[in-house]
Amino acid sequence: MSKVLIVAEHDGKALNPSVAKCVSCARGIDGATVDVAVLAVDGAGLAEAAAAIDGVDRVLRIDNPANEHLLAATVAPQVAAVAADYTHVFGPSTMFGKDLMPRVAALLEVNQVSDIMEVLGPYRFKRPIYAGNVVITVEAAEDRLLVATVRTASYQAAGDGGSASIESRDVDAELPGHSRFVKLEAGSSDRPDLQTAPRVVSGGRALGSEENFELIYSFADSIGAAVGASRAAVDAGYVPNEMQVGQTGKIIAPELYFAIGISGAIQHLTGIKDAGTIVAINKDAEAPIFEVADIGLVGDLFKVVPELKEALGS
Amino acid sequence: MRGLNAAAARASPPPARGTDRHAGDPRVKKILVGLKRVVDYNVRVRVRGDGSGVETDGVKMSINPFDEIALEEALRIRERGDVGEIVAVSIGPAEAQQQLRTGLAMGADRAILVRSDRDVDSLTAARMLLEIVRREEPELVLLGKQAIDNDNNQTGQMLAALWGRPQATFASKIDVGDGKLTVKREVDVGLETVEVDLPAVVTTDLRLNEPRYVKLPDIMKAKKKPLDEIDAAELGAEPDDGIRTVAWEPPAERQKGIMVEDVAGLVAALKDKGLF
């Protein structure tokens, strides 16, 4: 029988929504038990939150002063130390999981399945390669531990209502001192989180300047949407890098996505192909974004967006 | 709880080698840069008609773009006088010499091809690179954060783990200090800064730099630079087939959408879908 361990991503205060998405993915393995490992300085509240996720069987609470910042070099040996009790170890394909999980896999001397988008069996999965232009089916050896990351955009978060047991664990692993956290510069925003918001408005290079990007913020705010951007807009300095949507930025799956002044480079499309409805507004009728859009409007964004805000905003 | 990993502690940096010398001692004597040969990023990759793999016959091959950024960063560190020698390494078929020659033309001092005619998985690649690291003793290994063919995003982290050394992944800024690096990393909420002791593995993100174009005289010069070939088997890392690809298919297509004439049409379409 499959026993899955999920490594919980959190910021010390709250669990990241990726935890509940990993639970959904793990639940896709027939008959699997699903445990969540919470590594923190004092993980009492986080462990309770994990125990409340529907479908979680047990929470491993691993407290350690070294877990103030979840650096891969410190977290990986702790995860590897508890992995022996499991058949599968999952993490999210967020920057946290992408950084951490291969280090865990290498300590356990196995390869990793990156970006699971579909579970076909306990050792059989689908995942994207070539920026999502190809989907492959991979089969992993059943006699080895399986380490994987879960493509979070492919899964809905598991709900609440769970009542898993919480077990405190002392992990005896030698932790290195060669890597140190210095600081985190986080974009301060009262807007919805780009990775989980049901509505997202993104702007592209056609906005032309940081000042003009206000148009995007203002429309997004009027409909309660998160704000994203194309790589071109980030590279041009209109917005900070954490707003980038696409293959090398964030891969998202909102119910409604507005691509405004975005031509639709393949790497951007990769980041939005799981969106429910894609709306494209662009003055170039030949822009590739229209090939994937559910609703397309050819027009000048500086005229269209204020009208749209007027019609839809509250 | 924070003990030093004794196995990873290194006695003293290796003696400097190479020919490119600057006044004063560089902070990093040697950087190893990984260059993977991949299908060029402009090629729209397709699944073969019979579903047996990806169509790669006759398509343009290039250096993995993230690896090109890694090499560019090594060159910029050298231009600041902080590195002695830059060694480019590739694991791949004989044709990967082309990518290494391009790397030499960009400015790497010498190159090593680990010759392998079959696909090499991430763990095996990390093991092979570790063996190269043991032979070359670089203080810094710079790799792209992922190769744009399999998009695994694993090798750098795996090498760091096997080596017992720090990793700074998804770097968007690297400052070289004495015996350490300060690296800004792209994370989901913004930018994280970490400090890591050398030797270390750093993987590069898009915004670290913009790689230079290669000039014709440099291509000529690169022909004279050393390019050594090592048979993959000689490195002692057996391929790991713990994870096998058994099927290839194109992604699910989105249904064809509609075009609207104006804002009123757009609003009506959104309401029609129950989205407002």
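Predicted model: local features only at pLDDT ≥ 70, side-chain atom pairs only at ≥ 80, totals over all residues.
Colleague: Let's start with chain B. How many helices and strands does chain B have?
Modeller: Chain B has 6 helices and 13 strands. Its C-alpha trace spans about 70 × 45 × 40 Å along the principal axes.

Colleague: And what share of chain B is buried?
Modeller: Buried residues make up 50% of its 276 residues.

Colleague: What about contacts between residues 24 or more positions apart in chain B?
Modeller: Those account for 71% of the chain B contacts with a separation of 6 or more.

Colleague: You mentioned α3(B). Is it mostly covered or mostly uncovered?
Modeller: Mostly covered: 11 of the 15 residues of α3(B) are buried. The buried ones include Leu123(B), Met128(B), Leu130(B) and Val133(B), and Arg127(B) is also one of them.

Colleague: What covers them?
Modeller: The cover includes α4 (95–107) of chain A, along with parts of chain B such as β1 (28–34), β4 (83–92) and α4.

Colleague: What span should α3(B) have, and what are the end C-alpha atoms doing?
Modeller: At 1.5 Å a residue, the 15 residues of α3(B) should span 21 Å. The end C-alpha atoms are 20 Å apart, so that agrees.

Colleague: What comes just after α3(B)?
Modeller: Glu137(B), which takes a positive phi of about 50°.

Colleague: Switching to chain A. Why call strand β14 of chain A largely enclosed?
Modeller: Because 5 of the 5 residues of β14(A), residues 256–260, are buried, the strand is largely enclosed by the rest of the structure.

Colleague: Which way do the residues of β14(A) point?
Modeller: Leu256(A), Phe258(A) and Ile260(A) point one way, while Tyr257(A) and Ala259(A) point the other way.

Colleague: Which strands pair with β14(A)?
Modeller: Strand β12 of chain A, residues 199–203, pairs with β14(A) in the parallel sense over 5 bridges. β15(A), residues 277–282, also pairs with β14(A) in the parallel sense over 5 bridges. Tyr257(A) stands opposite Val200(A), and in β15(A) the bridge partner of Tyr257(A) is Ile278(A).

Colleague: Last topic, the nonpolar cores. Which residues of the largest core touch the most other members?
Modeller: Of its 133 residues, they include Val38(A), Ala50(A), Val104(A), Val33(B) and Ala88(B).

Colleague: What does Val38(A) touch?
Modeller: Leaving out residues up to four places away in sequence, Val38(A) touches residues including Ala8(A), Leu46(A), Val59(A) and Ile62(A).

Colleague: And what's in the second core?
Modeller: That separate core has 54 residues, including Leu194(A), Ala206(A), Ile260(A) and Ile289(A).

Conventions
Residues numbered from 1 in each chain as written. Chains lettered and ligands numbered in written order. Helix = DSSP H or I, 4+ residues; strand = E, 2+ residues; numbered from the N terminus. Expected span 1.5 Å × (residues − 1). Buried ≥ 20, exposed ≤ 12 C-beta atoms within 10 Å, placed from the backbone. Contact = placed C-beta atoms within 7 Å. Pairing = 2+ DSSP bridges. Core = buried A, V, L, I, M, F, W, Y, C linked by C-beta atoms within 7 Å.
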